[in-house]
Amino acid sequence: MNLVIFKVLLKGTEQDENKSVDSKTLSFRSILTEDIIKIPSHYISSLKSMSENFENIITFQNLEEVIIIGELSREYSINYYIVILFSMKSEQKRNGFLIANIKKIGDALIGIWPFTEEIDNLDEDYINNKFNDFINNHDDYKNLVIINPN
């Protein structure tokens with residue numbers, strides 16, 4: 001399997017008139033295989049609505065572009081991307097998921113961050129449990145950040 005990277009460009013903020021817009025990037029390792037890990041849409045919508053009531057859940061529109069580096073095993077028609085970044089209160093480690101809305105499939109996990117994250121346990125059950133944990137135990141997280149497209 002070829003290593004495929006999804007480079008996510010986040011729109012920065014303009015410091016002043018004399019400086020250009022500062023953009024940030026995150027690089028996600030692709031986990032796309034024949035067994036696509038689907039994410040039920042209610043998870044994303046629940047987290048977004050929870051962000052209105054809980055300080056540790058933040059959602060904003062800042063995703064500017066996703067660049068695919070490498071060659072995917074097949075062509076996907078992607079409508080939009082969503083990034084979810086999270087860190088537990090008990091750990092310093094940060095993690096992230098790159099989700100794509102794929103035509104005829106829906107929301108699916110396509111990438112992970114950081115690169116050192118183990119992917120052996122990534123399957124639909126693990127992801128469903130993780131999202132249930134985000135929703136039911138959100139107080140265990142320092143930050144849950146949902147980044148949507150502009």
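Visitor: What makes β6 and β7 a hairpin in this predicted model?

Guide: Strands β6 and β7 have 3 residues between them, and β6 (residues 94-102) pairs with β7 in the antiparallel sense over 7 bridges. In the turn, lysine 104 has a positive phi of about 70°.

Visitor: Why do β6 and β7 count as paired?

Guide: Pairing needs at least two bridges, and β6 and β7 have 7, so they count as paired. In one of these contacts, leucine 98 has glycine 111 as its bridge partner in β7.

Visitor: What makes β2 and β3 partners of β7?

Guide: Strand β2 (residues 24-30) pairs with β7 over 2 bridges in the antiparallel sense, and strand β3 (residues 37-38) likewise pairs with β7 over 2 bridges, antiparallel. The cut-off is at least two bridges. Glycine 111 is the bridge partner of serine 30, while leucine 109 is that of isoleucine 37.

Visitor: Why is the pair of phenylalanine 86 and phenylalanine 97 called tilted?

Guide: The structure holds 8 aromatic pairs. In this one, the ring centres lie 5.1 Å apart, within the 6.5 Å limit, so the rings pair. Phenylalanine 86 is in strand β5 (residues 78-88) and phenylalanine 97 in strand β6, 11 residues apart.

Visitor: How do you know whether phenylalanine 86 and phenylalanine 97 are buried or exposed?

Guide: Phenylalanine 86 has a relative accessible area of 7%, and phenylalanine 97 has 5%. Buried means under 20%, so phenylalanine 86 is buried, and so is phenylalanine 97.

Terms used
Residues numbered from 1 in each chain as written. Predicted model: local features only at pLDDT ≥ 70, side-chain atom pairs only at ≥ 80, totals over all residues. Heavy atoms only, no water. Helix = DSSP H or I, 4+ residues; strand = E, 2+ residues; numbered from the N terminus. Phe/Tyr/Trp six-rings, centres within 6.5 Å; stacked < 30°, edge-to-face > 60°. Buried < 20%, exposed > 50% of the residue type's maximum accessible area, 1.4 Å probe, protein only.
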